[in-house]
Amino acid sequence: MSSSAPRPEDYDASSSTDSELPRRHSKSRPPFAASTSATNSSGSSSSPRHSVFLFPPRAPSGSASVSSTASSTPLPSRSTSPLPYYTSNPSSSCPSDTESEPSSPLIRSNVNRNPWWRESRRSWWSMSRRRRRRTGRITRTLKKWIRRLVRHPFFPGQPITIVLTLLMLSVFAICLTLLLIYILNPDKEPLPWRAYCFAPSTSLAMDLSSSTSSQPMPNITTGVLPFPPANLDSLPPAGVFVGVFSVDSAIERRMLVRSTWAGHGDDGTGTSRTLVRFILGQPKKDWERRIKLEMEMYNDIIILPIQENMNGGKTHTFFSWASINAWVPPVYFNSTVPPPQFSYSNHTSAPPSLAPHDPFLAWNDLNSGTPRHWVRPDYVVKVDDDSFVMLAELESRLRVELHVKTNSTQKIAPRDATALGSLPPAIVPNNDPLVYWGYLVSNRLHQFMAGELYALSWSLVDYVSKDPNVKTITKGAEDKQTAKWMRSHPRASEVRWTSERCWIYDHPRAGTVYVVIFFLLLFRSRLTDKIISIFREVPQTPAQNEIPESIGHISPMPCVNFGVRYIPPVPDLSTTHSVEALVEGSDMQSCGGTVVVHFIKKHMWFLETALALLEGEELSETEKYEKSRAAYSTGTVLYERRQSGAANNRLL
């Protein structure tokens with residue numbers, strides 16, 4: 001081993017040739033420690049090789065001159081402690097002196113190998129050069145334009161200019177939003193209500209011709225005209241289950257509904273099979289106890305097993321619930337025309353607990369001791385809580401539709417017949433009516449019954465709750481989704497889309513295109529005379545004694561205009577006169593044709609509607625029941641008195 005190690009003499013001899021070259025440094029380079037380590041290793045072969053690297057060589061014993069010691073033992077070229085290890089570039093042509101050094105336990109082996117947790121990791125510096133250039137170019141360009149914008153002389157730099165700039169930007173954003181709303185809103189012009197009421201079939205045909213939908217044209221009708229038919233009173237009443245969609249916090253609106261239209265019908269016969277219930281999703285935790293107390297007190301709230309929502313499947317859940325749990329009272333009296341028999345007519349159930357506003361005939365039957373079983377409803381109606389419904393008008397129109405004779409001999413297409421084999425028995429073709437009733441909205445893209453109120457006959461409700469395809473299209477605008485369900489029915493061509501466009505409208509103060517004065521047929525001379533009489537009854541100042549000339553030239557169009565805020569015809573009207581001004585051609589009488597008034601967003605509007613449509617001697621269902629009980633008690637007392645008087649006379 002000593003022969004292979006380089007000697008100091010060899011090192012000096014090899015380095016002597018370098019001395020002939022011009023020297024670049026004034027100080028001579030010290031010799032490498034490799035000769036020393038090699039000399040030391042030849043002297044002591046038993047010591048480990050790495051110990052020479054860790055410890056400096058010791059001076060030899062004996063007397064030696066300083067010059068000989070310096071020549072034989074050069075100064076070490078590195079520190080005594082191990083230096084940090086640096087990986088050299090493998091492409092470098094200059095070998096490192098560390099490559100020839102022996103291994104050490106303090107230096108980890110295989111330093112070039114990546115750890116296992118870094119093998120599949122791509123470093124940020126390994127991205128392509130083109131991508132880095134592109135990112136850098138975008139950043140530099142953005143910074144440059146921002147710098148130019150900030151340094152522009154018109155850029156706000158003072159607090160007042162910054163505030164004014166923000167205000168201008170806010171105004172611009174609001175104007176842009178309103179412009180987009182106006183452009184995207186299809187309802188830009190008032191609707192021809194006169195055409196809807198005098199020639200509804202003509203206006204409906206014009207609306208349908210503008211539709212470009214790829215769906216097959218539904219079977220749309222306008223109901224029975226003129227209404228009511230002559231034999232309306234001879235028909236048995238229809239069973240109607242009305243579900244009013246509400247939320248947990250709308251307790252005031254529910255109280256208004258209970259005290260107004262939910263408890264008012266006709267004389268008690270037509271609405272004797274009509275029930276009103278409030279439909280809620282799962283209430284919030286803060287409202288659970290309040291809703292529970294309200295349910296115990298009024299017994300007219302249905303809690304669906306779904307989170308509260310508007311277009312997230314609540315409507316489908318309601319119809320699915322109604323297909324199992326909806327029941328209405330039977331027919332309590334005989335009619336000229338017997339009740340029709342359908343596939344669901346024999347389904348009965350014990351009467352449930354009643355609400356205070358339920359029909360008084362149902363209360364009388366329940367208190368008789370032997371109540372009759374309830375049956376399935378003929379219609380299930382979905383209503384928004386901002387709608388005011390005239391139950392008697394609604395029931396009478398649905399009753400007529402129930403008895404309309406249709407041609408049910410239409411053959412089913414082969415593909416429909418194949419599909420019917422996999423459908424539940426409840427939707428197999430039968431004689432049950434297929435009626436989809438409401439206010440038809442028609443435009444270029446859609447045809448559907450407006451969501452404020454629409455009714456489905458029982459067969460359609462049963463179909464919606466059981467069809468697997470319907471369950472896949474429950475999310476979205478609920479009124480449009482319901483129209484899709486009707487189009488996907490196996491007998492879609494037989495579903496009657498019955499539209500009532502004359503007597504369903506928005507509140508006069510709503511400001512929408514569907515606004516109409518509480519509607520009666522308007523006669524120009526009659527309305528003019530009435531306004532003049534009201535004007536004379538109101539106390540006026542001397543300057544107002546003369547009747548304005550504009551009153552004598554009233555337009556025969558409705559008294560409200562789209563886009564213009566409602567203004568009473570005469571200022572400073574009393575409560576009675578202000579409500580009467582909302583009814584076209586009315587002499588303080590109930591509006592005979594209105595079915596639904598929608599978009600009642602304020603409680604004051606709701607009370608105005610109640611005064612306009614329910615004003616008179618009409619009693620609620622609770623009042624009718626109490627009156628009948630009082631009359632029955634009075635009659636019983638009088639009968640007992642007469643019996644006792646007759647007995648006393650016989651004794652005398």
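Residues are numbered from 1 along each chain as its sequence is written. In this predicted model, local features need pLDDT of at least 70, side-chain atom pairs count only at pLDDT 80 or more, totals for chains, interfaces and linings use all residues, and side-chain values use heavy atoms, with hydrogens and water left out.

**Stop 1: strand β11**

Please select β11 (496-499); strands (E, at least two residues) and helices (H or I, at least four) are DSSP runs, numbered from the N terminus. R496 and T498 point one way from β11, while W497 and S499 point the other way, and all are buried, that is, under 20% relative accessible area with a 1.4 Å probe and protein chains only. In a regular strand the side chains alternate between the two faces of the sheet.

Strand β1 (residues 219-221) pairs with β11 in the parallel sense over 3 bridges, and I220 stands opposite W497. Strand β9 (residues 435-442) is also parallel to β11, over 4 bridges, with W437 opposite T498.

**Stop 2: residue E500**

Move on to E500, in the loop between β11 and β12 (504-506). Is E500 buried or exposed? E500 counts as buried because its relative accessibility is 12%. Its side chain makes a polar contact with the side chain of R397 at 3.4 Å; such a contact is a pair of N or O atoms within 3.5 Å, where, within protein, one must be able to donate a hydrogen and the other to accept it, and residues adjacent in sequence count only if both atoms are side-chain atoms. A polar atom of the E500 side chain also lies 3.2 Å from the backbone nitrogen of C502. Not counting residues up to four places away in sequence, E500 touches R397, W437, G438 and Y439, with contact meaning heavy atoms within 4.5 Å.

**Stop 3: the sheet with β12**

Select β8, β13 and β12, which form an open sheet of 3 strands in that order, with mixed pairing. Its edge strands are β8 (388-389) and β12, each pairing on one side only. Strand β13 (residues 596-598) runs parallel to β12 and is joined to it by 3 bridges; I504 stands opposite V596.

**Stop 4: helix α9**

Finally, select helix α9 (residues 251-259), where R253, R254, L256, V257 and R258 are buried. These buried residues pack against β3 (274-282), α10 (288-298), β4 (301-307) and α19 (603-614).

Notes: Buried < 20%, exposed > 50% of the residue type's maximum accessible area, 1.4 Å probe, protein only. Pairing = 2+ DSSP bridges.
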